Amino acid sequence: MTTIGIIGAGHIGSQVARKAVQLGYDVVIGNSRGPETLTDLVAELGPRARAATAIDAAEAGDFAVVTIPMKNYTDLSVEALAGKIVIDTLNYYWERDGHIEVLDDGEATTSGLVQEHLKGSMVAKGFNHIESADITTTGALTGTDNRRALATASDHQEAVELITELYDEFGFDTVNIGTLAESWRVERDRPAYGPRQNAQELTANLAKAPRVI
Ligand SMILES: NC(=O)c1ccc[n+]([C@@H]2O[C@H](COP(=O)([O-])OP(=O)(O)OC[C@H]3O[C@@H](n4cnc5c(N)ncnc54)[C@H](OP(=O)(O)O)[C@@H]3O)[C@@H](O)[C@H]2O)c1
């Protein structure tokens, strides 16, 4: 039985949790305010899910999904996530997150910063360019014609393999951008960010992304 530790229980965290329990994963989910604020969500998710603190969720997961605002990424526990694959959904919205100069200047990537912080983890970018509602509604079986594709990037092959399998189970093809240094190609406001794309369309959109918006 595989347990996913989900840090962040908002739009994306709750949707990833819904699909994961449907697929037979166990889920431990945490937010910033504490497990007592997640009673309704875990009741809806059923016996495969429990609420915890963010640190407990990180520790409980065989792998983790981190899905919190970018401005808080340094709150993620380096120790609790050490040695684990961490799927990072974070996007940078300066309007919400405040300005992060290295991102404004195109000198870093959001997932690169998360990896730099989580030194002992294997970070893979995931689920960052899909609306939360679409996670449970737009997947299709492997091999379906014109299946939706989602991008990933990682410096760790093991992490790419895990997210590729997870995407497939969730109903999506994978397009691997490459290392985290290249992951800006699917960041906010690039052509690949937002629209529904199959693997061919996503690959083409990633190729035409400008480095700085
Ligand atoms: N919404 C989308 O469709 C979408 C799509 C792709 C990617 N994203 C990105 O994915 C991330 C999550 O987006 P969202 O829409 O799910 O956000 P959201 O609905 O605002 O939820 C954020 C969650 O993160 C938790 N959180 C905040 N700071 C935390 C901390 N320091 N430690 C632990 N938990 C913390 C919040 O807990 P509390 O409520 O207790 O503070 C909340 O459960 C963002 O970076 C966003 O840009 C969003």
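This is a predicted model: local features need pLDDT of at least 70, side-chain atom pairs count only at pLDDT 80 or more; totals for chains, interfaces and linings use all residues.

## The annotated span

Follow the strands across and you will read β3-β2-β1-β4-β5-β6, an open sheet of six with parallel pairing. At its edges sit β3 (49-53) and β6, each pairing on one side only. From one strand to the next, the twist averages 25 degrees.

For a look inside the sheet, take β1 (residues 3-7) and β4 (residues 63-66), which are joined in the parallel sense by four bridges. Here G5 has A64 in β4 as its bridge partner.

## Helices on the sheet

Helix α6 (residues 110-117) packs on the sheet, where it touches β5 (85-88) and β6. The direction of α6 makes about 165 degrees with that of β6. Helix α7 (residues 157-170) lies across β4, β5 and β6, and runs at about 45 degrees to β6.

## Two loop residues with positive phi

N146 is not a glycine, yet its phi is positive, at about 60 degrees. You will find N146 in the loop between β6 (122-125) and β7 (149-152). Because N146 has 13 C-beta neighbours inside 10 Å, it counts as partly exposed.

D189 is also worth a visit: this non-glycine residue has a positive phi of about 70 degrees. D189 belongs to the loop between β8 (173-176) and α8 (199-207). With 10 other C-beta atoms within 10 Å, D189 is exposed.

Key: Residues are numbered from 1 along each chain as its sequence is written. A residue is buried if 20 or more other C-beta atoms lie within 10 Å of its own, exposed if 12 or fewer, and partly exposed in between; C-beta atoms are placed from the backbone. Two strands pair if DSSP finds at least two bridges between them. Axes are lines fitted to C-alpha atoms, for helices over the stretch in contact, and angles run from 0 to 180 degrees between N-to-C directions. Two residues are in contact if their C-beta atoms, placed from the backbone, lie within 7 Å.
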